[in-house]
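Visitor: I have a structure open and would like to learn how to read its features one by one. Could you walk me through it?

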Amino acid sequence: MPEISNQTLIIAIQAIAAEIRALREAVISGEAEPEEHQLLEDRMEAAEDLERAYEHAARTVLNLPPYDELVGN
C-alpha cells in the first residue's frame with residue numbers, strides 16, 4: 001500500500017465523511033440524482049478503506065484522534 005502522511009489520511013477521512021453526509025441528506029430528501037446513489041456507495045467503500053488504514057496507523061502512532069471524532073460521530 002502506498003504511504004501517505006497521517007495528516008493526509010485524516011483530511012481524506014474528514015472529506016469523505018462530509019461527502020457521505022451530504023449524499024445521504026440528498027438521498028433522504030429525495031433530491032438525489034440516480035448517479036448520486038452510486039456515488040454514495042462508492043464513498044462508503046472508500047470510507048471503509050480509509051478506516052482500515054487509520055486503524056493500522058493508530059497501532060503505531062501516538063495521539064491520533066479517535067476515528068469517530070474525525071467522521072463526526
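Guide: Let us begin with a definition: a salt bridge is a side-chain nitrogen of Lys or Arg within 4 Å of a carboxyl oxygen of Asp or Glu. Asp-49 and Arg-52 form such a bridge, with their closest N and O atoms 2.3 Å apart. Please keep in mind that this is a predicted model.

Visitor: Where do Asp-49 and Arg-52 lie?

Guide: Both Asp-49 and Arg-52 belong to helix H2, three residues apart, which is about one turn of the helix. Asp-49 counts as partly exposed because its relative accessibility is 45%, between the limits of 20% and 50%. Arg-52, at 47% relative accessibility, is likewise partly exposed.

Visitor: How many salt bridges does a search of the whole structure find?

Guide: The search finds two salt bridges.

Visitor: Let me step back to the whole chain. How many helices and strands are there?

Guide: The protein chain has three helices and zero strands, so its pattern, read along the sequence, is α-α-α. Its C-alpha atoms fill a box of roughly 40 × 25 × 15 Å along the principal axes. Of its 73 residues, 25% count as buried.

Visitor: How should I read an aromatic pair?

Guide: A pair of aromatic rings is described by the distance of the centres and the angle of the planes. The structure holds one aromatic pair. Tyr-54 and Tyr-67 form this pair, with 5.9 Å from centre to centre and 50 degrees between the planes, and the arrangement is tilted. The pair links distant parts of the chain: Tyr-54 is in helix H2 and Tyr-67 in helix H3 (residues 67-70), 13 residues apart.

Visitor: Why is that angle called tilted?

Guide: Planes under 30 degrees apart count as stacked and those over 60 as edge-to-face, so the 50 degrees of Tyr-54 and Tyr-67 fall in the remaining class, tilted.

Visitor: Are Tyr-54 and Tyr-67 buried or exposed?

Guide: Tyr-54 is buried, with a relative accessible area of 4%, and Tyr-67 is buried at 15%. Both values count as buried because the limit is under 20%.

Visitor: Which residues form the negative surface patch?

Guide: The patch is formed by Glu-41, Asp-42, Glu-45 and Glu-48. Glu-45 has its place in helix H2 (residues 34-58) and is partly exposed, at 43% relative accessibility. Glu-48 is found in helix H2 as well, and its relative accessible area of 45% makes it partly exposed.

Visitor: How do Glu-48 and His-37 compare in their distances to Ile-13?

Guide: Take each pair in turn. Glu-48 and Ile-13 are 35 residues apart in sequence and 9.7 Å apart in space, C-alpha to C-alpha. For His-37 and Ile-13, the separation is 24 residues along the chain and 20 Å between the C-alpha atoms. His-37 is also a residue of helix H2, and is partly exposed at 42% relative accessibility.

Notes:
Residues numbered from 1 in each chain as written. Predicted model: local features only at pLDDT ≥ 70, side-chain atom pairs only at ≥ 80, totals over all residues. Heavy atoms only, no water. Patch = residues over 30% accessible without salt bridge, like charges linked within 9 Å, V, L, I, M, F, W, Y side chains within 5 Å. Areas by Shrake-Rupley, 256 points an atom, 1.4 Å probe, with all protein chains shown as cover. Lys, Arg positive; Asp, Glu negative; His and termini not counted. Charge placed at Lys NZ, Arg CZ, Asp CG, Glu CD. Helix = DSSP H or I, 4+ residues; strand = E, 2+ residues; numbered from the N terminus. Buried < 20%, exposed > 50% of the residue type's maximum accessible area, 1.4 Å probe, protein only. Phe/Tyr/Trp six-rings, centres within 6.5 Å; stacked < 30°, edge-to-face > 60°.
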